[in-house]
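Have the structure open as you read.

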Amino acid sequence: MPIWLVFCIAATLLVLGYVFYGSLVSRIFGVDEKRATPVQELADGRDYIELPNWKVFLIQLLNIAGMGPIFGPLLGALYGPAALFWIVFGCIFAGAVHDYLSGMLSVRNQGKSIPNICGKYMGSVMKNAMVVFCLLVLVLTGMVFVTGPADLLNELFGQGRGWWLIIIFAYFFLATILPIDKLIGRFYPIFGGLLIFMAVSLLLALFLDDRFSTIPNSYWTSSHPSGASAWPLVFITIACGAVSGFHSTQSPLMSRCLANEKYGRQTFYGAMIAEGLIAMVWVLLGTSFYNNGYDGLNWSNAASVTHKIASTLLGSFGSAIAMLGVIILPITSGDTAFRSARLIVADAFNIEQKSIAKCLAIAVPLFATGFICNVIGFDTLWKYFGWSNQTLATIVLWLGAVYLRKNGNSGLIASIPAMFMTTVVGTFALNNKLMALCLPLGLSTLLSAALALLFQALTWRCRPTAENTAVTEN
(Lines give C-alpha, C1' and ligand atoms only; values in the text may rest on other atoms or scores of the structure.)
Protein backbone atom coordinates (compact mmCIF):
# COMPACT_ATOMS: atom_id res chain seq x y z
CA MET A 1 0.00 0.00 0.00
CA PRO A 2 1.41 3.46 -0.88
CA ILE A 3 2.68 5.46 2.10
CA TRP A 4 0.96 8.63 0.87
CA LEU A 5 -2.43 6.88 0.93
CA VAL A 6 -1.93 5.59 4.47
CA PHE A 7 -0.93 9.06 5.65
CA CYS A 8 -3.84 10.78 3.88
CA ILE A 9 -6.37 8.40 5.46
CA ALA A 10 -4.84 8.85 8.92
CA ALA A 11 -4.57 12.64 8.57
CA THR A 12 -8.18 12.89 7.38
CA LEU A 13 -9.39 10.90 10.37
CA LEU A 14 -7.42 13.12 12.76
CA VAL A 15 -8.81 16.33 11.20
CA LEU A 16 -12.35 14.97 11.26
CA GLY A 17 -11.80 14.02 14.89
CA TYR A 18 -10.87 17.62 15.67
CA VAL A 19 -13.85 19.05 13.80
CA PHE A 20 -16.56 16.73 15.10
CA TYR A 21 -15.44 14.99 18.28
CA GLY A 22 -13.51 18.05 19.45
CA SER A 23 -16.69 20.11 19.07
CA LEU A 24 -18.64 17.52 21.07
CA VAL A 25 -16.07 17.54 23.88
CA SER A 26 -16.11 21.34 23.99
CA ARG A 27 -19.91 21.42 24.10
CA ILE A 28 -20.06 18.82 26.87
CA PHE A 29 -17.54 20.74 28.94
CA GLY A 30 -19.61 23.90 28.58
CA VAL A 31 -17.45 26.75 27.27
CA ASP A 32 -18.37 30.19 28.59
CA GLU A 33 -16.98 32.94 26.35
CA LYS A 34 -18.01 35.66 28.81
CA ARG A 35 -16.14 34.14 31.73
CA ALA A 36 -12.90 35.85 32.77
CA THR A 37 -9.76 33.79 32.17
CA PRO A 38 -6.92 33.55 34.72
CA VAL A 39 -4.69 36.12 32.98
CA GLN A 40 -7.47 38.70 33.11
CA GLU A 41 -7.63 38.36 36.89
CA LEU A 42 -4.09 37.44 37.95
CA ALA A 43 -1.64 39.04 35.48
CA ASP A 44 1.80 39.06 37.14
CA GLY A 45 4.31 39.78 34.39
CA ARG A 46 6.01 36.36 34.68
CA ASP A 47 3.59 33.44 34.21
CA TYR A 48 0.20 35.13 33.77
CA ILE A 49 0.79 37.08 30.55
CA GLU A 50 -1.85 37.34 27.81
CA LEU A 51 -0.49 36.14 24.46
CA PRO A 52 -2.02 36.07 20.95
CA ASN A 53 -3.94 32.86 20.38
CA TRP A 54 -1.75 31.72 17.47
CA LYS A 55 1.26 32.00 19.75
CA VAL A 56 -0.53 30.17 22.59
CA PHE A 57 -1.32 27.30 20.20
CA LEU A 58 2.24 27.14 18.89
CA ILE A 59 3.78 27.20 22.38
CA GLN A 60 1.36 24.51 23.55
CA LEU A 61 2.29 22.32 20.57
CA LEU A 62 6.02 22.73 21.14
CA ASN A 63 5.57 22.20 24.88
CA ILE A 64 3.88 18.83 24.45
CA ALA A 65 5.76 17.57 21.36
CA GLY A 66 9.07 16.42 22.77
CA MET A 67 11.00 13.25 21.96
CA GLY A 68 7.77 11.33 22.43
CA PRO A 69 6.21 11.78 18.95
CA ILE A 70 9.58 10.84 17.39
CA PHE A 71 11.24 8.16 19.51
CA GLY A 72 7.98 6.55 20.66
CA PRO A 73 6.57 6.00 17.13
CA LEU A 74 9.97 4.82 15.84
CA LEU A 75 10.05 2.13 18.52
CA GLY A 76 6.31 1.49 18.31
CA ALA A 77 6.47 0.92 14.53
CA LEU A 78 8.11 -2.43 15.28
CA TYR A 79 4.81 -3.69 16.71
CA GLY A 80 3.10 -3.54 13.33
CA PRO A 81 -0.20 -1.86 12.37
CA ALA A 82 -1.29 -1.53 16.02
CA ALA A 83 0.94 1.57 16.16
CA LEU A 84 -0.95 3.26 13.30
CA PHE A 85 -4.38 2.59 14.80
CA TRP A 86 -3.28 3.63 18.30
CA ILE A 87 -1.98 7.02 17.14
CA VAL A 88 -5.16 7.87 15.22
CA PHE A 89 -7.85 6.64 17.60
CA GLY A 90 -5.85 7.15 20.79
CA CYS A 91 -5.22 10.76 19.81
CA ILE A 92 -8.86 11.55 18.98
CA PHE A 93 -10.64 9.76 21.82
CA ALA A 94 -8.05 9.76 24.63
CA GLY A 95 -5.10 12.11 24.17
CA ALA A 96 -6.92 15.16 22.85
CA VAL A 97 -9.72 14.71 25.42
CA HIS A 98 -7.09 14.42 28.17
CA ASP A 99 -5.32 17.60 27.00
CA TYR A 100 -8.54 19.56 26.59
CA LEU A 101 -9.94 18.65 29.99
CA SER A 102 -6.66 19.28 31.84
CA GLY A 103 -6.24 22.63 30.09
CA MET A 104 -9.80 23.84 30.57
CA LEU A 105 -9.94 22.67 34.19
CA SER A 106 -6.87 24.82 34.78
CA VAL A 107 -8.56 27.75 33.02
CA ARG A 108 -11.56 27.30 35.33
CA ASN A 109 -9.30 27.18 38.41
CA GLN A 110 -7.10 30.29 38.11
CA GLY A 111 -4.48 28.52 36.00
CA LYS A 112 -3.59 26.16 38.85
CA SER A 113 -1.43 23.10 38.28
CA ILE A 114 -2.98 19.65 37.97
CA PRO A 115 -2.22 18.49 41.57
CA ASN A 116 -4.18 21.42 42.98
CA ILE A 117 -7.09 20.65 40.68
CA CYS A 118 -6.98 17.00 41.76
CA GLY A 119 -7.09 18.17 45.37
CA LYS A 120 -10.18 20.25 44.70
CA TYR A 121 -12.20 17.50 43.04
CA MET A 122 -10.63 14.30 44.44
CA GLY A 123 -9.41 15.24 47.92
CA SER A 124 -6.21 16.36 49.69
CA VAL A 125 -4.65 12.88 49.73
CA MET A 126 -4.83 12.76 45.93
CA LYS A 127 -3.42 16.29 45.74
CA ASN A 128 -0.35 15.39 47.79
CA ALA A 129 0.16 12.16 45.85
CA MET A 130 -0.10 14.02 42.57
CA VAL A 131 2.45 16.65 43.64
CA VAL A 132 5.00 13.88 44.18
CA PHE A 133 3.99 11.95 41.08
CA CYS A 134 3.95 14.99 38.78
CA LEU A 135 7.37 16.12 39.99
CA LEU A 136 8.70 12.62 39.35
CA VAL A 137 7.30 12.64 35.80
CA LEU A 138 8.59 16.15 35.12
CA VAL A 139 12.12 15.47 36.36
CA LEU A 140 12.19 12.26 34.31
CA THR A 141 10.84 14.21 31.33
CA GLY A 142 13.44 16.94 31.75
CA MET A 143 16.19 14.32 31.85
CA VAL A 144 14.85 12.34 28.88
CA PHE A 145 14.56 15.57 26.91
CA VAL A 146 18.08 16.74 27.77
CA THR A 147 19.92 13.48 27.11
CA GLY A 148 18.10 12.82 23.82
CA PRO A 149 18.96 16.14 22.09
CA ALA A 150 22.47 16.07 23.55
CA ASP A 151 23.02 12.70 21.86
CA LEU A 152 21.59 14.02 18.58
CA LEU A 153 23.69 17.21 18.65
CA ASN A 154 26.80 15.17 19.37
CA GLU A 155 25.85 12.87 16.48
CA LEU A 156 25.63 15.91 14.16
CA PHE A 157 28.40 18.22 15.35
CA GLY A 158 30.60 16.25 17.74
CA GLN A 159 32.28 18.19 20.61
CA GLY A 160 31.23 15.60 23.18
CA ARG A 161 27.91 14.78 24.83
CA GLY A 162 28.86 16.49 28.12
CA TRP A 163 29.37 19.86 26.44
CA TRP A 164 25.92 19.77 24.86
CA LEU A 165 24.35 18.71 28.17
CA ILE A 166 25.75 21.84 29.83
CA ILE A 167 24.48 24.12 27.05
CA ILE A 168 20.98 22.63 27.08
CA PHE A 169 20.81 22.72 30.88
CA ALA A 170 21.75 26.42 30.81
CA TYR A 171 18.95 27.16 28.34
CA PHE A 172 16.48 25.13 30.41
CA PHE A 173 17.36 27.14 33.51
CA LEU A 174 16.81 30.49 31.79
CA ALA A 175 13.52 29.33 30.25
CA THR A 176 12.37 28.18 33.70
CA ILE A 177 12.91 31.46 35.55
CA LEU A 178 12.44 34.23 32.94
CA PRO A 179 8.98 35.69 32.13
CA ILE A 180 7.28 33.45 29.59
CA ASP A 181 7.19 36.14 26.89
CA LYS A 182 10.92 36.93 27.09
CA LEU A 183 12.46 33.68 25.86
CA ILE A 184 9.77 31.10 25.16
CA GLY A 185 7.36 33.58 23.58
CA ARG A 186 10.04 35.06 21.29
CA PHE A 187 11.92 31.99 20.08
CA TYR A 188 9.13 29.41 19.81
CA PRO A 189 7.80 30.83 16.49
CA ILE A 190 11.28 30.25 14.99
CA PHE A 191 11.42 26.79 16.49
CA GLY A 192 7.95 26.14 15.05
CA GLY A 193 9.25 26.92 11.56
CA LEU A 194 12.00 24.32 11.96
CA LEU A 195 9.46 21.82 13.24
CA ILE A 196 7.22 22.31 10.19
CA PHE A 197 10.19 22.03 7.83
CA MET A 198 11.28 18.82 9.50
CA ALA A 199 7.89 17.12 9.28
CA VAL A 200 7.01 18.26 5.75
CA SER A 201 10.43 17.64 4.18
CA LEU A 202 10.77 14.13 5.60
CA LEU A 203 7.21 13.24 4.64
CA LEU A 204 7.62 14.46 1.04
CA ALA A 205 10.99 12.71 0.72
CA LEU A 206 9.37 9.51 1.95
CA PHE A 207 6.57 9.80 -0.62
CA LEU A 208 9.03 10.39 -3.49
CA ASP A 209 11.68 7.81 -2.63
CA ASP A 210 10.89 4.57 -4.46
CA ARG A 211 12.77 2.54 -1.84
CA PHE A 212 10.39 3.50 0.95
CA SER A 213 7.20 4.81 -0.70
CA THR A 214 5.16 1.63 -0.13
CA ILE A 215 4.33 -0.58 2.84
CA PRO A 216 4.73 -4.30 2.04
CA ASN A 217 1.64 -6.46 2.43
CA SER A 218 3.53 -8.55 4.97
CA TYR A 219 3.55 -5.56 7.34
CA TRP A 220 -0.15 -5.91 8.09
CA THR A 221 0.33 -9.38 9.53
CA SER A 222 3.77 -8.91 11.12
CA SER A 223 4.67 -8.09 14.70
CA HIS A 224 7.68 -7.09 16.77
CA PRO A 225 10.86 -8.89 15.58
CA SER A 226 11.58 -10.06 19.12
CA GLY A 227 8.16 -11.68 19.36
CA ALA A 228 6.99 -9.20 22.01
CA SER A 229 3.23 -8.75 22.25
CA ALA A 230 1.78 -5.43 21.13
CA TRP A 231 -0.50 -5.62 24.18
CA PRO A 232 0.15 -3.61 26.29
CA LEU A 233 3.64 -2.53 25.16
CA VAL A 234 2.66 -0.44 22.13
CA PHE A 235 0.36 1.68 24.34
CA ILE A 236 3.24 2.38 26.72
CA THR A 237 5.86 2.90 24.02
CA ILE A 238 3.77 5.40 22.04
CA ALA A 239 2.63 8.00 24.55
CA CYS A 240 3.09 11.46 22.99
CA GLY A 241 1.12 11.33 19.75
CA ALA A 242 -1.63 9.17 21.28
CA VAL A 243 -2.12 10.05 24.98
CA SER A 244 0.44 11.47 27.40
CA GLY A 245 0.13 12.50 31.03
CA PHE A 246 3.05 14.89 30.61
CA HIS A 247 0.70 17.14 28.63
CA SER A 248 -1.46 17.76 31.69
CA THR A 249 1.55 19.36 33.38
CA GLN A 250 2.05 21.65 30.39
CA SER A 251 -1.52 22.79 29.79
CA PRO A 252 -1.59 25.09 32.87
CA LEU A 253 1.28 27.10 31.36
CA MET A 254 -0.96 28.19 28.50
CA SER A 255 -4.14 28.31 30.56
CA ARG A 256 -2.46 31.29 32.28
CA CYS A 257 -2.03 33.04 28.92
CA LEU A 258 -5.37 32.25 27.23
CA ALA A 259 -7.51 35.30 26.41
CA ASN A 260 -10.87 33.50 26.08
CA GLU A 261 -12.33 30.08 26.81
CA LYS A 262 -13.48 29.80 23.20
CA TYR A 263 -9.85 29.21 22.19
CA GLY A 264 -9.56 26.14 24.39
CA ARG A 265 -10.48 23.61 21.71
CA GLN A 266 -7.93 25.00 19.27
CA THR A 267 -5.21 25.34 21.91
CA PHE A 268 -5.53 22.06 23.80
CA TYR A 269 -7.50 19.61 21.64
CA GLY A 270 -6.02 21.03 18.41
CA ALA A 271 -2.40 20.94 19.55
CA MET A 272 -2.79 17.26 20.44
CA ILE A 273 -4.19 16.51 16.97
CA ALA A 274 -1.21 18.34 15.46
CA GLU A 275 1.13 16.23 17.58
CA GLY A 276 -0.69 13.13 16.35
CA LEU A 277 0.16 14.17 12.78
CA ILE A 278 3.84 14.49 13.73
CA ALA A 279 3.76 11.07 15.37
CA MET A 280 2.12 9.62 12.24
CA VAL A 281 4.99 10.93 10.10
CA TRP A 282 7.54 9.16 12.31
CA VAL A 283 5.65 5.88 12.66
CA LEU A 284 5.44 5.74 8.86
CA LEU A 285 9.14 6.55 8.58
CA GLY A 286 9.94 3.77 11.02
CA THR A 287 7.57 1.37 9.28
CA SER A 288 9.05 2.10 5.85
CA PHE A 289 12.65 1.69 6.93
CA TYR A 290 12.02 -1.41 9.02
CA ASN A 291 10.11 -3.17 6.27
CA ASN A 292 12.40 -2.19 3.39
CA GLY A 293 15.80 -3.62 4.19
CA TYR A 294 16.78 -1.63 7.28
CA ASP A 295 15.85 -4.23 9.87
CA GLY A 296 19.53 -4.38 10.86
CA LEU A 297 19.39 -0.92 12.43
CA ASN A 298 19.93 -0.68 16.18
CA TRP A 299 16.34 0.29 16.99
CA SER A 300 17.11 0.50 20.70
CA ASN A 301 19.19 3.61 19.91
CA ALA A 302 16.45 5.90 18.63
CA ALA A 303 18.83 8.87 18.23
CA SER A 304 21.01 6.99 15.73
CA VAL A 305 17.96 5.66 13.87
CA THR A 306 16.54 9.18 13.62
CA HIS A 307 19.80 10.47 12.14
CA LYS A 308 20.02 7.53 9.73
CA ILE A 309 16.50 8.10 8.42
CA ALA A 310 17.01 11.86 7.93
CA SER A 311 20.39 11.48 6.19
CA THR A 312 19.11 8.67 3.92
CA LEU A 313 16.10 10.65 2.73
CA LEU A 314 17.49 14.20 2.61
CA GLY A 315 21.26 13.94 2.28
CA SER A 316 23.76 15.65 4.57
CA PHE A 317 22.56 19.27 4.25
CA GLY A 318 18.83 18.61 4.30
CA SER A 319 19.16 16.13 7.11
CA ALA A 320 21.11 18.63 9.23
CA ILE A 321 18.24 21.14 8.98
CA ALA A 322 15.61 18.43 9.55
CA MET A 323 17.54 17.13 12.55
CA LEU A 324 17.52 20.61 14.05
CA GLY A 325 13.73 20.38 13.93
CA VAL A 326 13.93 16.99 15.64
CA ILE A 327 16.24 18.44 18.30
CA ILE A 328 13.95 21.43 18.86
CA LEU A 329 11.04 19.21 19.93
CA PRO A 330 12.61 17.76 23.09
CA ILE A 331 14.32 21.01 24.03
CA THR A 332 11.03 22.92 23.85
CA SER A 333 9.43 20.32 26.11
CA GLY A 334 12.32 19.91 28.52
CA ASP A 335 12.43 23.63 29.28
CA THR A 336 8.73 23.77 30.12
CA ALA A 337 8.97 20.51 32.09
CA PHE A 338 11.18 22.27 34.61
CA ARG A 339 9.05 25.42 34.42
CA SER A 340 5.94 23.35 35.17
CA ALA A 341 7.74 21.66 38.07
CA ARG A 342 8.52 25.09 39.52
CA LEU A 343 4.87 26.12 39.28
CA ILE A 344 3.61 22.87 40.82
CA VAL A 345 5.84 23.39 43.86
CA ALA A 346 4.77 27.04 44.03
CA ASP A 347 1.08 26.15 43.86
CA ALA A 348 1.43 23.34 46.40
CA PHE A 349 3.05 25.61 49.00
CA ASN A 350 1.43 28.93 47.97
CA ILE A 351 4.75 30.58 47.06
CA GLU A 352 4.22 33.60 44.84
CA GLN A 353 6.50 33.68 41.80
CA LYS A 354 6.62 37.36 40.91
CA SER A 355 9.76 37.65 43.03
CA ILE A 356 12.90 36.35 41.28
CA ALA A 357 14.36 35.25 44.64
CA LYS A 358 11.39 32.98 45.38
CA CYS A 359 11.47 31.73 41.81
CA LEU A 360 15.15 30.76 42.16
CA ALA A 361 14.53 29.16 45.56
CA ILE A 362 12.41 26.52 43.79
CA ALA A 363 14.26 26.30 40.47
CA VAL A 364 17.79 25.71 41.80
CA PRO A 365 16.97 22.55 43.82
CA LEU A 366 14.95 21.17 40.90
CA PHE A 367 17.85 21.56 38.51
CA ALA A 368 20.30 20.12 41.01
CA THR A 369 18.08 17.03 41.28
CA GLY A 370 17.82 16.76 37.51
CA PHE A 371 21.56 17.09 37.03
CA ILE A 372 22.22 14.30 39.56
CA CYS A 373 19.70 12.07 37.76
CA ASN A 374 21.70 12.46 34.57
CA VAL A 375 23.84 9.47 35.59
CA ILE A 376 20.87 7.21 34.75
CA GLY A 377 21.06 5.74 31.25
CA PHE A 378 18.62 6.97 28.57
CA ASP A 379 17.08 3.53 27.93
CA THR A 380 16.26 3.09 31.62
CA LEU A 381 14.90 6.64 31.87
CA TRP A 382 12.64 6.08 28.85
CA LYS A 383 11.12 2.86 30.21
CA TYR A 384 10.21 4.38 33.56
CA PHE A 385 9.10 7.59 31.88
CA GLY A 386 6.75 5.64 29.61
CA TRP A 387 4.90 3.88 32.42
CA SER A 388 4.79 6.83 34.81
CA ASN A 389 3.68 9.12 31.99
CA GLN A 390 0.77 6.86 31.00
CA THR A 391 -0.22 6.38 34.64
CA LEU A 392 -0.41 10.15 35.06
CA ALA A 393 -2.59 10.36 31.94
CA THR A 394 -4.90 7.73 33.43
CA ILE A 395 -5.30 9.68 36.67
CA VAL A 396 -6.06 12.91 34.80
CA LEU A 397 -8.69 11.19 32.66
CA TRP A 398 -10.37 9.93 35.85
CA LEU A 399 -10.16 13.49 37.18
CA GLY A 400 -11.99 14.69 34.07
CA ALA A 401 -14.64 12.04 34.54
CA VAL A 402 -15.15 13.03 38.19
CA TYR A 403 -15.42 16.71 37.26
CA LEU A 404 -18.00 16.03 34.56
CA ARG A 405 -20.01 13.78 36.88
CA LYS A 406 -20.05 16.44 39.58
CA ASN A 407 -21.38 18.86 37.00
CA GLY A 408 -24.31 16.74 35.89
CA ASN A 409 -22.74 14.91 32.95
CA SER A 410 -22.22 11.19 32.38
CA GLY A 411 -18.47 11.75 32.04
CA LEU A 412 -18.16 8.93 29.49
CA ILE A 413 -15.94 10.95 27.16
CA ALA A 414 -13.31 10.76 29.92
CA SER A 415 -14.15 7.56 31.78
CA ILE A 416 -14.10 5.25 28.73
CA PRO A 417 -10.50 6.15 27.78
CA ALA A 418 -9.67 6.18 31.50
CA MET A 419 -10.85 2.57 31.84
CA PHE A 420 -8.81 1.55 28.81
CA MET A 421 -5.67 3.27 30.10
CA THR A 422 -6.16 1.79 33.58
CA THR A 423 -6.14 -1.63 31.97
CA VAL A 424 -3.01 -0.74 29.97
CA VAL A 425 -0.88 0.60 32.83
CA GLY A 426 -2.14 -2.04 35.24
CA THR A 427 -1.31 -4.87 32.85
CA PHE A 428 2.15 -3.44 32.22
CA ALA A 429 2.83 -3.04 35.94
CA LEU A 430 1.71 -6.58 36.79
CA ASN A 431 3.23 -8.36 33.81
CA ASN A 432 6.43 -6.53 32.83
CA LYS A 433 9.76 -7.46 34.42
CA LEU A 434 10.53 -3.74 34.73
CA MET A 435 8.16 -3.73 37.72
CA ALA A 436 9.49 -7.11 38.97
CA LEU A 437 6.02 -8.69 39.33
CA CYS A 438 5.91 -10.78 36.12
CA LEU A 439 2.37 -12.15 36.48
CA PRO A 440 0.96 -13.95 33.41
CA LEU A 441 -0.30 -11.57 30.74
CA GLY A 442 -3.88 -12.88 30.77
CA LEU A 443 -4.17 -12.66 34.56
CA SER A 444 -2.60 -9.19 34.58
CA THR A 445 -5.14 -8.00 32.02
CA LEU A 446 -8.12 -9.43 33.92
CA LEU A 447 -7.03 -7.91 37.23
CA SER A 448 -6.42 -4.54 35.60
CA ALA A 449 -9.76 -4.57 33.79
CA ALA A 450 -11.48 -5.35 37.10
CA LEU A 451 -9.71 -2.38 38.68
CA ALA A 452 -10.90 -0.17 35.81
CA LEU A 453 -14.49 -1.24 36.39
CA LEU A 454 -14.13 -0.53 40.11
CA PHE A 455 -12.90 3.00 39.38
CA GLN A 456 -15.82 3.52 37.00
CA ALA A 457 -18.25 2.42 39.71
CA LEU A 458 -16.69 4.88 42.15
CA THR A 459 -16.92 7.66 39.55
CA TRP A 460 -20.61 6.95 39.04
CA ARG A 461 -21.14 7.52 42.76
CA CYS A 462 -20.15 11.18 42.35
CA ARG A 463 -23.11 13.50 42.76
CA PRO A 464 -23.72 16.65 40.70
CA THR A 465 -22.89 19.98 42.33
CA ALA A 466 -23.97 23.53 41.53
CA GLU A 467 -20.56 24.46 40.11
CA ASN A 468 -20.28 25.04 36.35
CA THR A 469 -23.96 24.51 35.59
CA ALA A 470 -23.13 25.29 31.97
CA VAL A 471 -22.02 21.68 31.53
CA THR A 472 -24.63 19.87 29.49
CA GLU A 473 -25.96 16.35 29.47
CA ASN A 474 -24.79 13.89 26.80
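**Packing and burial in a predicted model**

Ser106 lies in helix H5. The model is predicted.

Q: Is Ser106 buried or exposed?
A: Buried means under 20% relative accessible area. The relative accessible area of Ser106 is 0%. Ser106 is therefore buried.

Q: Which residues does Ser106 touch, not counting residues up to four places away in sequence?
A: Ser106 is a residue of helix H5. Leaving out residues up to four places away in sequence, its contacts are Pro38, Gly111, Lys112, Ile117, Pro252 and Ser255.

Q: Are helix H5 and helix H16 roughly parallel or oblique?
A: Two packed helices are described by the angle between their axes and the distance between the axes. For H5 (residues 82–107) and H16 (residues 412–431), the axes come within 10 Å and cross at roughly 120°. That angle makes H5 oblique to H16.

Q: Which residues of H16 does H5 meet?
A: H5 passes H16 in a left-handed crossing. From H5 come Trp86, Phe93, Ala94, Val97 and Leu101. By class, the contact has 10 nonpolar, no polar and no charged residues. On the H16 side, the residues are Ile413, Ala414, Pro417, Phe420 and Met421.

Q: How many aromatic pairs does a search of the whole structure find?
A: Rings pair if their centres lie within 6.5 Å. Searching the whole structure on that basis gives 20 aromatic pairs.

Q: How many residues apart in sequence are the parts that the pair of Tyr121 and Tyr403 ties together?
A: The two rings are edge-to-face, 5.2 Å centre to centre with 85° between the planes. Both Tyr121 and Tyr403 are buried. Tyr121 lies in helix H6 (residues 114–122) and Tyr403 in helix H15 (residues 378–406), so the pair links parts that are apart in sequence by 282 residues.

Q: What is the class of the ring pair of Tyr171 and Phe172?
A: Both Tyr171 and Phe172 are buried. Their ring centres are 6.2 Å apart. Their planes are at 55°, so the pair is tilted.

Q: Which residues are buried in helix H10?
A: H10 covers residues 230–237. Six of its eight residues are buried, so H10 is largely enclosed by the rest of the structure. The buried residues are Pro232, Leu233, Val234, Phe235, Ile236 and Thr237.

Technical notes
Residues numbered from 1 in each chain as written. Predicted model: local features only at pLDDT ≥ 70, side-chain atom pairs only at ≥ 80, totals over all residues. Heavy atoms only, no water. Axes fitted to C-alpha atoms, helices over the stretch in contact; angles between N-to-C directions. Helix = DSSP H or I, 4+ residues; strand = E, 2+ residues; numbered from the N terminus. Parallel < 35°, antiparallel > 145°, perpendicular 65-115°, else oblique. Left-handed = near helix turned anticlockwise from the far one by under 90°. Contact = heavy atoms within 4.5 Å. Nonpolar A, V, L, I, M, F, W, Y, C, P; charged D, E, K, R; others polar. Phe/Tyr/Trp six-rings, centres within 6.5 Å; stacked < 30°, edge-to-face > 60°. Buried < 20%, exposed > 50% of the residue type's maximum accessible area, 1.4 Å probe, protein only.
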